[in-house]
Amino acid sequence: MRLSRLQKNFESLASADPLWTVLSAKDKKGGKWDPEEFYQSGEDCIRGLQERLQGIGIPMTGHSALDFGCGVGRLTFPLSRRFDLAIGIDISASMLEAARQNAHRGRHCKFILNTEKHLDCLDSQSLDFAYSDIVFQHIAPRYSKPYFREIARALKPGGTFVFQLPSHLIHGSPLGKRLNYAAKALLQTFGLGPAYFEMNAIPRDALISFLERQAGLVHVADWDYPAAGPNWQSYLYAFQKL
Ligand SMILES: C[S@@+](CC[C@H](N)C(=O)[O-])C[C@H]1O[C@@H](n2cnc3c(N)ncnc32)[C@H](O)[C@@H]1O
């Protein structure tokens, strides 16, 4: 999916139901998320991440952390309790508006709208930590790969980048999925059809090789991480900058 179409789809979904667009549980559609429960899930997620990283000797502390594809700040706010500054970047203005309305849930947060293919909004070697959960799965590899390079550029030497991404489909046909998305995109071109999520994957070995050879990162660990649902083999990856 082109970036402009991705932005329109997320904007349309987020303006109608931002919390469900972030965590799309069937029984929460139509504004049914309890905001306290929703934001607590972010704290639980970051606490789990912290324990995971402690297990491999990586502390989650430092000056600045990035939450790429921050949505309504579900993970940015818990990151802001562990770093001096948490920066949330998102492609949807409606998501960021909801994040700003909930600013009292975090400490020092900065939210940035970025609809570009690059991340010029981030200074080089400025981040201690970068995180992204349930985001890159929606971004076509021709865009996610340059974002990976950009995030690597923005990390300080020794900084850590943790993110989730599916590797491949376990159930269903990749060609079937492509055709389904192509049909949806065609309908949208004619002003028909609802907003939709597109799922993307990069095979695990190809991803590690890309990040090590072309982004100056070192693969530290990965874990099975079924955030993309039962049809996808998905991983949580940890990389560090040389
Ligand atoms: C499923 S939500 C997850 C939000 C957040 N990571 C969380 O777990 O609470 C995906 C988010 O990624 C954002 N997003 C999608 N493509 C993006 C891009 N190219 N750049 C920045 N944000 C993007 C969407 O607007 C949306 O807020």
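Analyst: What follows starts at the ligand, moves to a helix pair, and ends with the chain and some loop residues.

This is a predicted model, in which local features need pLDDT of at least 70 and side-chain atom pairs count only at pLDDT 80 or more, while totals for chains, interfaces and linings use all residues. Residues are numbered from 1 along each chain as its sequence is written.

The ligand is surrounded by 19 residues, where a residue counts as near if its C-beta atom, placed from the backbone, lies within 6 Å of the molecule; the closest are Phe10, Gly69, Gly71, Arg74 and Ser92. Helix H1 (3–16) and strand E2 (85–90) are the elements that give two or more residues to this shell, helices (H or I, at least four residues) and strands (E, at least two) being DSSP runs numbered from the N terminus. By class, the shell has eleven nonpolar, five polar and three charged residues, with Ala, Val, Leu, Ile, Met, Phe, Trp, Tyr, Cys and Pro taken as nonpolar, Asp, Glu, Lys and Arg as charged, and the others, Gly among them, as polar.

H1 also packs against helix H5 (residues 93–101), at an angle of about 40 degrees and with the axes 7 Å apart; the axes are lines fitted to C-alpha atoms over the stretch in contact, and angles run from 0 to 180 degrees between N-to-C directions. That makes H1 oblique to H5, since angles under 35 degrees count as roughly parallel, over 145 as roughly antiparallel, 65 to 115 as roughly perpendicular and the rest as oblique. Glu11, Ala14 and Ser15 of H1 meet Ala93, Ser94 and Met95 of H5, a contact requiring C-beta atoms, placed from the backbone, within 7 Å. These residues divide into three nonpolar, two polar and one charged.

The chain as a whole comes to eight helices and seven strands. Of its 242 residues, 38% count as buried, meaning that 20 or more other C-beta atoms, placed from the backbone, lie within 10 Å of a residue's own, whereas 12 or fewer make a residue exposed and counts in between make it partly exposed.

Two loop residues other than glycine have positive phi: Gln125, near 50 degrees, lies between strand E3 (109–113) and strand E4 (127–132), and Ile134, at about 50 degrees, lies between E4 and helix H6 (141–154). Gln125 is exposed, with 12 other C-beta atoms within 10 Å, whereas Ile134 counts as buried, with 22 C-beta neighbours inside 10 Å.

Notes. Two residues are in contact if their C-beta atoms, placed from the backbone, lie within 7 Å.
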